[in-house]
Protein chains: 2
Amino acid sequence: MNSHDGTPAASRRGRRPGSSGTREAILNAARQSFAAKGLDRTTVRGVARDAGVDPGLITHYFGGKAALFTEAMRLPFTPEEVLPSIIEGDRAQIGRRLAAFALGQWENAASRERLIGIIRAACSDPTAATLLRDLIERDLFAPLARALDVPNAEARAALCASQIVGLAIVRHILRVPALATADPADVAEWIAPTLQRYLIDDMPFTEET
Amino acid sequence: MNSHDGTPAASRRGRRPGSSGTREAILNAARQSFAAKGLDRTTVRGVARDAGVDPGLITHYFGGKAALFTEAMRLPFTPEEVLPSIIEGDRAQIGRRLAAFALGQWENAASRERLIGIIRAACSDPTAATLLRDLIERDLFAPLARALDVPNAEARAALCASQIVGLAIVRHILRVPALATADPADVAEWIAPTLQRYLIDDMPFTEET
């Protein structure tokens, strides 16, 4: 497994200190709260306390909880930058590249918090569910399957997403030891053939779309 | 695909009318609320309103929200009855039998509500997460993998669970059309080889346990 973690350089850029540092501290506290408690139990007051700032500052920077959520839950990667890195290259290895990308995202604490926060919130909140559905149908999985010029791209994309979302839950939310403690490169190898088959192999679809 | 929906006869038994009917009406309202809103946003008062009963009756029957949750989230099947129906028979078809069992459970509205309610709640609530972890590590998936006498049963079980939980989310919570509108027998065929490989085929585990 190579060290490609799928994090584009742009999201690693540091922010200047001062007001940007405060803003980032608020976003970090919000991400941790959304990931730990979900959207409902997260409050502006609680995030302010965790970030060590006045609640009014959150209103000043973000307007309110909904806008704070949108900003905190922004994807930790840029799909347009990630897609070519998965699509290009040996088609027989595409499942492995997608698996390595997903596992790599979860290895980085900041991107893991954002992605797990989205999944967690999506399970009970319609706004967050839309974010995750967009990632499947519009931003990442469907464009990936469509680029491969295979029939039933939408179903293939949704199946890949189902394996990756389920793995995130069992590994990072339920933390079942057999997956939670396993080496990410190993886990990527375990699911790579699944993604490969869903994406590109012959599948028993009943109609071609 | 046969019509086996994995629901043991016991859970189909009707309850006598009168107080048992009221109790069941409360449980149904609770299941719908837990599935739609999660544990946090569900209130005894709201469930009472949905069930058309006095909130005091819920306290009378169940004691409070936590006990109501435990009772409402009881598995819609008995693992000891289900396990033999998946384990016994052609080993080359075990992935297909497990897939058919999962899809069958979701076809039945009552068991789907309970299972989706558990998954939804498990993503944000530690008590519900324990329920789901128990289903993986103790009640269903791990016993299934162990019965097959293959190495790395725990990892195999957790991988199967990850695919099934992820599918439940994409199909029944996010409702991505390519999976949500597909025929359950077709979806079972799409994931059956994944489960078959995770359960019983050679897998690149780095150590045998």
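In the predicted model, Val82(A), Ser85(A), Ile86(A) and Ile87(A) of helix α5(A) are in contact (heavy atoms within 4.5 Å) with Ile94(A), Arg97(A), Leu98(A) and Phe101(A) of helix α6(A). By class, this contact has six nonpolar, one polar and one charged residues; Ala, Val, Leu, Ile, Met, Phe, Trp, Tyr, Cys and Pro count as nonpolar, Asp, Glu, Lys and Arg as charged, and the others, Gly among them, as polar. Helices here are DSSP runs of H or I with at least four residues, numbered from the N terminus. The two helices, residues 79-87 and 94-107 of chain A, pack at about 140° with axes 8 Å apart. Axes are lines fitted to C-alpha atoms over the stretch in contact, and angles run from 0 to 180 degrees between N-to-C directions.

Between the chains, 43 residues of chain B touch 43 residues of chain A. The buried area (accessible area, 1.4 Å probe, lost on being put together, summed over both parts) is about 3600 Å², and carbon and sulfur atoms give 64% of this. Cys123(B), Leu174(B) and Trp190(B) lose the most area in chain B, together 19% of what that side buries. Of the side of chain B that touches chain A, helix α11(B) supplies the largest share, 13 residues. By class, that side has 27 nonpolar, six polar and 10 charged residues.

Residues are numbered from 1 along each chain as its sequence is written, and chains are lettered from A in the order in which they are written. Local features need pLDDT of at least 70, side-chain atom pairs count only at pLDDT 80 or more, and totals for chains, interfaces and linings use all residues, while side-chain values use heavy atoms, with hydrogens and water left out.

Technical notes:
Buried area = accessible area lost by both parts, 1.4 Å probe.
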